[in-house]
Amino acid sequence: MTTKATPVHLNMAAAIAGAFRKLTLKNQLRNPVMFVVYVGAIVTTLLYGYERATHQLLGSEPAWFTLWVALWLWFTVLFANFAESVAEGRGKAQAESLRALRKEVNAKKLRSPSKHDNFEIVSASSLRKDDIVFVSIGEFIPGDGQVIDGIASVDESAITGESAPVIRESGGDSDAVTGGTRVLSDWLVIRITANAGETFIDRMVALVEGAKRQKTPNEIALSILLAALTLIFLLAVATLLPFSIFSTEQAHAGTPVSITVLIALLVCLAPTTIGGLLSAIGIAGMNRLLAANVIASSGRAVEAAGDVNALLLDKTGTITHGNRQAEEFYPAGGVTIGQLAEAALLSSLADQTPEGKSIVALARRKYGIPENSANPECSEFIAFSAETRCSGVKTNSRQILKGAPDAIEKNIQMLGGKFPDDVRRKVEDVARGGGTPLVVADGVQVLGVVYLKDIVKAGIKERLADLRRMGIKSIMITGDNPLTAAAIAAEAGVDDYLAQATPEAKLKLIRKMQTGGELVAMVGDGTNDAPALAQSDVAVVMNSGTQAAKEAGNMIDLDSDPTKLIEIVEIGKQLLMTRGSLTTFSIANDLAKYFAIIPAAFASTYPELGALNVMRLTSPISGMLAAVIFNAIIIVVLIPLALKGVKYRPVGAAALLRRNLLIYGLGGVVVPFAGIKVIDMLLTLVGAV
C-alpha cells in the first residue's frame, strides 16, 4: 500500500506576493492577452490622473468611472498573475520539501572495495562519480549509486511515499539506490554514480519547479490564436473612436465614445479568461502528475501523454516481476532428477543473478543437494556472456553448462552429440506455459530443463484493458523466445508483442510506428531500454531502473509501478480537456459580453441603442463597469477548475466536443448575462453608480 508524502499546503500570502511581483513589463510581455489588459490599466490610470489634475473630463463619464475601470483592470491582471502564482507555488513548495531530503551527512569512502574497515570519513558533498562508499545500518546513503556488494533493507519513503522498506542488493534489478534514503538493516557497498549537484533529488527539484517549464506546442499554438484574436479586437476597437467622432459631428447630437470606454470594451471582448488561466492550467497539469508520484521533465511530456495511442512495455520488471525464480527441474530420459539438480546447482554456484541464486536455493531446499557438492579449487567457472548465452563450470573431468535451449543445442551439435526430442518437447511445454526454459548439459549429454517462472504483476491485465478502452494499443517487448513471449502476452492481456527484441529492434519498431503517425509511450527500466526510451514521445522510467534509463526518459515513476501509465495518460488527457473546456467557455463568454455591453458602450453616441438594453441595466455607466468587474472576477472563480482540472471521461472526440459546447459553451453564454446583471444591481443597491 502506497502512502503519499505529506501534502504541500498552499501559502496564499506567498501567492498574492507573487502576483504583485509579476507586475513587470518583462513578465507581462510573455502573455500577449494579459499584456493588453496591463497596458489598458496603465493608460486608464494615467487618464484618471490627468482628469484629477486638470479638472477636465475626457468623455461624458465622470472621473470616478475612469478610476473604477483602472482599478478593475489592475485587478484583472493581478488575478491572472495570482492564478499562475498559485500553480507555481505548489511546485515550488514541493521542491522545498525535496530539498530537505538533501541531508549533509558524512560518508565512509572506501580505500579498497574489498576491505570494508579501510575507509576515510568525508563529506557527502565531496563525493565524485565512481567513488566507493560503505553504508551500514541506520546510516543515510550519501549519494545516488549502484550496489556492488551486500544486501540491505532501505527506507525510501521520503522519495517514493512508499511506507514499506525495499530490498537493495548487488547483481540484479534492485541495485540502484538514491541519496538521502536510509539503510534499515545489514550493510551495502555502493559505487557513486552521480557527482554532487547531479543527484536524482537535484534533478527532481529542478523538474518540479513549475515556473521553469517550457510551453508545449499546443499551448504555443493556442497562445498565438489568442494573441491573434486580441489583435483583431484591438484593430476593431481602434476604428471605433474616429467613427464615433465622425457620427456625432454629422448628426450634431450625442458625444463621442471615450478612450476609457473603448479600453474597457477591448478588455471585455479579448479572450482574457483563458489568457489569464492558460499558464496555470499547464503548471497544474505537471503538479497533478507529481501528486501521482510521477516526475515529468516538461509540460510537453504531460501533454503528449494525453495524445498517445500506442504503449510499449518492457516485459521483465514491468509486466512481470524482475526476478525469475526456478520453479522445477525436468530431467531428460535416463537421467534422475537428483543428477539434474546437482548439475544445475554446480553450474549456478558462481552465478550471482537472482535466477542463478534461485536455482541453487531450489536444488538445496527441494532435493537436498549438499553445499559441498563441488570443489571450488578444482573448478573453473564459466561466466555468462551475451554471445554464448550460457554459463557453467569446468572441473577436472566435467564441463557443465546451462543456458538458452538453442545455445545449448548448438554447443551439443558442435561436440558431436544429439539434442533429445523429449527435452525439446519439454522446452516447448515450458515456453508455451509462459515460463523461461534453461537447458543443462554435462559435456555432450543433455540432462534436462530448468523451469524459470515469470510472474505477471497483479492488476496489469485490468489496467491494460482500461488502456484499450481509451484507444491505446499495448505492445510487450522482450528478449524471450516467441513461445514464452506469446504465453506471457496472453496472460498479461497485451494487444501485441515483440519477441527476441534487441535494443535495435525496439528502436526500429518505435520509429516505424511514429512514421505511421502514432504517438508512442514506453515504460522501461533497463539500460537496454535507453535508446527506445529516448526515441519515444512519452518515456516513463521506473525509479528502480538504471541510471541510463532515467537519463533517457522524460518521466520517472517514483513508485516503480508500470500500471501507473494509465494515470499518466488520464492526467495528460485531463490537461487537454481542461484547456479545451476553458477555451470554449472563454470564447462563448466574450460573445455574450459583446451583446451585453455594446449598447451600453455607445449609448452616448447613439441614444437609440437604449432600445437594445434587453438586460435592463441601470445605466450605460453601470453596465460597462459591471462588465469590467465580471471580466476580472470570472478569472478568480475559474482558478479552482484550472488547478483541479476537468473530470476525465474516456469518451471520443465527437462526444467530448458536444459536451464542451453544451456545458462550457452554453455556460459561457449564460453566465456573463447573469453575472453582469447581478453586479449591476449590486452597484445600484450600494449607490456606487
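Student: At roughly what angle do the axes of helix 9 and helix 22 cross?
Tutor: The axes of helix 9 (residues 259-269) and helix 22 (residues 620-644) cross at roughly 40° and come within 10 Å. Axes here are lines fitted to C-alpha atoms, for helices over the stretch in contact, with angles from 0 to 180 degrees between N-to-C directions. Helices (H or I, at least four residues) and strands (E, at least two) are DSSP runs, numbered from the N terminus.

Student: Where does this model come from?
Tutor: This is a predicted model, where local features need pLDDT of at least 70, side-chain atom pairs count only at pLDDT 80 or more, and totals for chains, interfaces and linings use all residues. Residues are numbered from 1 along each chain as its sequence is written, and side-chain values use heavy atoms, with hydrogens and water left out.

Student: Back to the helices. Which residues meet there?
Tutor: From helix 9, Val261, Ala264, Leu265, Val267 and Cys268 meet Met624, Ala627, Val628 and Asn631 of helix 22. Contact means heavy atoms within 4.5 Å.

Student: How many of those are nonpolar, polar or charged?
Tutor: The contact of helix 9 with helix 22 has 8 nonpolar residues, 1 polar and no charged.

Student: Is helix 9 largely enclosed or open?
Tutor: Helix 9 is largely enclosed by the rest of the structure, because 10 of its 11 residues are buried. Buried means under 20% relative accessible area, with a 1.4 Å probe and protein chains only. Among the buried residues of helix 9 are Thr260, Ile263 and Leu269.

Student: What about Thr230, buried or exposed?
Tutor: Thr230 is buried, at a relative accessible area of 3%. Thr230 sits in helix 7 (residues 217-238). Setting aside neighbours within four places in sequence, Thr230 contacts Val33, Val36, Leu266, Ala270 and Pro271.

Student: New topic. How many residues does the largest nonpolar core have?
Tutor: The largest nonpolar core has 65 residues, and those with the most contacts inside it are Leu73, Leu277, Leu582, Ile597 and Ile676. Helix 22 gives the largest share of this core, 14 residues. A nonpolar core is a set of buried Ala, Val, Leu, Ile, Met, Phe, Trp, Tyr and Cys residues joined through side-chain atoms within 4.5 Å.

Student: And what does Ile676 touch?
Tutor: Not counting residues up to four places away in sequence, Ile676 touches Lys593, Ala596, Met615, Leu617, Gly623, Ala626, Ala627 and Phe630.

Student: How many helices and strands in the protein?
Tutor: The protein has 23 helices and 21 strands.

Methods
Ala, Val, Leu, Ile, Met, Phe, Trp, Tyr, Cys and Pro count as nonpolar, Asp, Glu, Lys and Arg as charged, and the others, Gly among them, as polar. Buried means under 20% relative accessible area, exposed over 50%, partly exposed in between (1.4 Å probe, protein chains only).
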